[in-house]
Amino acid sequence: MIETTEIEKQDEGKIELPSSLLPLEQLSWNYWWSWAPDGLSIFRDLDPDTWEECEHNPRQLLAKTSEYRLAQAATDPYYLERVTRISEKFKAYIDHAPDWSASPSASAVTHQHPVAYFCAEYGVHNSLPLYSGGLGILAGDHLKSASDLGLPLIAVGLLYRYGYFRQRLRNDGWQEEHYGETRPTELPIKLVVSKNNTPLKIEVVIRNRRVLAQVWRAAVGRVQLYLLDTNIPDNIETDRWVTGHLYGGDRETRIVQEMLLGIGGVRLLRKLGVTPHVFHLNEGHSAFLTIELAHELIRTQKLSFSDAAARVRGQCVFTTHTPVAAGNDEFDPTLVSTAFSQDYIRELGLTFDQFLALGRVDASSKEERFGLTPLAIRMCCSTNGVSRKHGEVSRALWQKLWPGRQLSEIPITHITNGVHAPTWVSPLLRDLYERYVATDWELHLRDRTLWQSGVSRIPSTELWNTHQLLKERLVAFIRYRLSRSQQIIAQDETAKEVFDPNALTIGFARRVAGYKRWNLLLTDPERLSRLMNNEERPVQFVFAGKAHPQDEGAKRILQQLTQWRYESASHERAVFLEDYDQEIARQLVQSVDVWLNVPRRPLEASGTSGEKVAINGGLNLSILDGWWLEAYDGTNGFAVGSNLDTFETGDADRADADSLYRVLEQEVVPLYYQRESDGVPHQWIAMMKRAIETLAPQYNSDRMVEEYAVAIYSRVPPLSPRSSPATI
């Protein structure tokens with residue numbers, strides 16, 4: 001085992017604090033603060049303007065806050081009491097982890113043999129810009145729940161120099177992308193160095209060149225997230241850009257990034273002296289780790305590739321998040337040949353054609369491209385989708401990997417995604433749960449009985465007033481963001497006049513893609529206008545989302561929405577928030593009345609944004625797909641269309657659009673505006689309570705991680721030949 005440490009402070013990032021504020025220095029290095037009670041506000045209240053300026057980065061906040069403001073806080077007894085309290089909670093959290101071995105869901109995972117979790121992106125917090133959307137947010141929530149539960153887990157990813165793009169809309173509504181450089185020394189991450197004080201580095205041969213990567217470490221509660229970074233002088237300029245952009249560049253950039261993640265990630269764990277019980281491939285981006293594990297066994301134990309592959313399958317599990325073949329990474333053979341050295345493939349004991357066959361659905365094909373999902377399925381003992389429906393879709397999608405097997409025999413299971421409730425619940429709702437559900441409700445997220453009895457005790461008027469306060473905050477946030485982005489809704493309108501906290505507010509925020517059907521709402525503009533401009537029962541919409549830089553069709557959809565918003569008579573009741581990120585998501589899911597989701601069935605693998613809304617008492621209005629197909633019971637939200645996916649695309653879109661308008665007109669709007677003598681919509685609130693008590697205990701990441709531990713991590717011995725997909 002190589003002894004390592006971390007550089008505690010870079011010279012240029014050294015922060016001098018008054019002694020009474022030193023606990024904030026320690027706290028700023030661990031993202032636990034981002035989901036702890038008072039964690040966000042303890043930093044924000046130090047200097048709110050600077051907090052916004054540094055985009056909620058606690059390290060930058062401490063460095064940029066004025067000496068006078070620090071002195072004020074250091075002599076404020078009330079603030080210091082809060083600092084002491086949260087510091088003590090943090091110490092107790094780190095020092096007294098749950099005993100995983102004593103847990104009813106305990107598996108063979110131990111601190112000596114943890115889970116090694118690999119993912120291309122991590123959405124731990126918006127101050128660590130290593131995510132683009134749902135996959136990264138899910139990975140971040142997975143790490144946080146593993147930390148809370150005490151599950152031994154180490155995560156591996158890449159440190160992107162420019163992260164994902166920042167979004168700006170032109171006056172004509174066309175999306176433009178720009179990138180801001182990520183400076184590691186300004187982030188809450190530490191450079192990993194050996195005991196001789198030199199940076200720890202790993203080496204991978206990529207494009208027949210030695211590529212070196214240094215390593216950064218982010219602390220996510222009790223979980224360590226290691227990030228590989230090629231932007232170092234050891235590499236030529238081209239190779240320094242391997243970790244340049246998340247999902248940026250061409251196909252060659254993508255494959256070399258995935259080589260670094262998979263092969264380099266395994267080599268990093270070996271240098272750290274970590275021997276995982278199980279390698280968890282979260283999506284196919286890290287599939288090359290299975291090849292590296294086989295390469296190790298062949299080199300050290302002189303095994304054949306077939307025998308090595310059997311051993312590898314015994315320790316690797318794979319989660320797929322994509323319900324369509326086109327969404328999985330595939331590469332032309334010539335590109336694979338360019339990226340991989342012939343020596344590496346030869347050392348595997350394979351010809352180049354045999355190597356390519358590992359990533360082809362039809363191993364005998366000479367035309368098919370090399371896919372990472374077939375590779376991952378072949379080289380892992382377990383494959384799962386992320387909802388019940390997605391598991392079903394995945395079995396049909398990859399059935400050909402098991403020639404002669406019936407669909408019901410395909411060994412692809414499912415574990416439905418969940419969200420990390422302490423991260424996403426609003427402080428006001430957290431306070432209600434502490435008073436009526438349990439003071440330590442976050443430790444009992446999976447207790448359905450507790451939630452049912454606790455939520456029933458919340459006074460309806462108190463829940464409603466709390467929700468209204470959150471809507472007022474949302475309106476203020478929208479006006480603030482619009483004023484900053486200088487968006488003009490109409491020539492005679494200012495940001496101060498946008499939105500009404502008393503109107504029914506519907507949120508629609510997600511990646512802009514064709515199957516997400518952003519334009520479904522615009523199918524009948526006149527009908528929509530009548531809904532929005534009803535003087536007695538108005539409806540308003542808030543939109544947010546990014547189109548992939550290379551997806552011209554998605555950009556046109558976004559432009560259509562933006563132009564409609566400007567040109568329609570409803571412009572004051574529809575806003576688009578630029579540069580969708582975790583902070584915008586948090587504001588929306590904590591505050592909207594209704595969350596809209598209308599993907600084309602069955603293309604929603606899971607979808608977790610609606611789960612975040614539910615924990616905050618918002619109601620889902622969604623297509624019956626992904627998680628909502630499992631969750632909807634007729635009393636805890638609203639459904640659009642049917643759960644059938646047999647229509648032609650055009651017919652399905654028309655039918656779903658009509659259903660959407662009808663549900664809004666006949667169910668959602670009347671129920672929201674149905675007020676009792678006290679002015680409170682008691683039936684609406686009853687549905688809010690029903691949503692919380694039925695959805696919060698099930699669709700949380702604690703339940704999800706525990707299911708992985710019981711159903712996946714503890715069952716990693718190699719499958720029988722009959723259960724294994726066809727090999728080369």
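**Group meeting: a walk through a predicted model**

Let me start in a strand: Val-204 sits in β7, residues 201-206. Helices here (H or I, at least four residues) and strands (E, at least two) are DSSP runs, numbered from the N terminus. Residues are numbered from 1 along each chain as its sequence is written, and side-chain values use heavy atoms, with hydrogens and water left out. This is a predicted model, so local features need pLDDT of at least 70 and side-chain atom pairs count only at pLDDT 80 or more, while totals for chains, interfaces and linings use all residues.

Back to Val-204. Its relative accessible area is 1%, so Val-204 is buried. For the cut-offs, buried is under 20% relative accessible area, exposed is over 50%, and partly exposed is in between (1.4 Å probe, protein chains only). What does Val-204 touch, not counting residues up to four places away in sequence? Arg-209, Arg-210, Val-211, Leu-260, Ile-263, Gly-264 and Arg-267. A contact means heavy atoms within 4.5 Å. Now take Leu-149: 55 residues from Val-204 in sequence, and 34 Å from it in space, C-alpha to C-alpha.

Ala-74 is part of helix α5, residues 67-74. Ala-74 counts as buried, at 13% relative accessibility. Beyond four places in sequence, Ala-74 is in contact with Pro-18, Ser-20, Leu-21 and Leu-80.

Confidence next. pLDDT is the predictor's confidence in each residue, from 0 to 100. The protein's mean is 92, and 93% of its residues reach 70 or more. Two stretches to flag. Over residues 8-13, pLDDT stays under 50, and the model has 9 contacts for them beyond four places in sequence. Over residues 718-722, pLDDT also stays under 50, with 6 such contacts.

On to the cores. A nonpolar core is a set of buried Ala, Val, Leu, Ile, Met, Phe, Trp, Tyr and Cys residues joined through side-chain atoms within 4.5 Å. How many residues are in the largest one? It has 137, and those with the most contacts inside it are Tyr-117, Phe-279, Phe-288, Phe-340, Phe-355 and Tyr-713. Helix α9, residues 251-272, gives the largest share of this core, 10 residues. Apart from it lies another core, of 76 residues, among them Leu-429, Val-455, Val-594 and Val-668. Pick out Phe-279.

Now helix packing. Axes are lines fitted to C-alpha atoms, for helices over the stretch in contact, and angles run from 0 to 180 degrees between N-to-C directions. Under 35 degrees counts as roughly parallel, over 145 as roughly antiparallel, 65 to 115 as roughly perpendicular and the rest as oblique.

Helix α7 (residues 134-149) packs on helix α28 (residues 701-713) at about 80°, with axes 8 Å apart. That makes α7 roughly perpendicular to α28. From α7, the contact includes Leu-138, His-142 and Leu-149; from α28, it includes Met-704, Tyr-708 and Tyr-713. The residues of this contact divide into 7 nonpolar, 3 polar and 3 charged.

Second pair. Helix α10 (residues 288-301) meets helix α15 (residues 372-379) at about 45°, with axes 8 Å apart. So α10 is oblique to α15. Phe-288, Thr-290 and Ile-291 in α10 meet Leu-372, Leu-375 and Met-379 in α15. That contact has 5 nonpolar residues, 1 polar and no charged.

Last, the backbone. Most residues other than glycine have a negative phi, and most peptide bonds are trans. Where is the cis peptide bond? It joins Arg-601 and Pro-602, with omega about -5°. Pro-602 is in the loop between β19 (594-597) and α24 (609-615).

Two positive phi values to finish. Asp-38 has phi near 70°. Asp-38 is in the loop between α1 (22-28) and α2 (39-44), and is partly exposed at 25% relative accessibility. Arg-207 has a phi of about 55°. Its place is the loop between β7 and β8 (209-220). Is Arg-207 buried or exposed? Buried, with a relative accessible area of 14%.

Conventions. Nonpolar A, V, L, I, M, F, W, Y, C, P; charged D, E, K, R; others polar.
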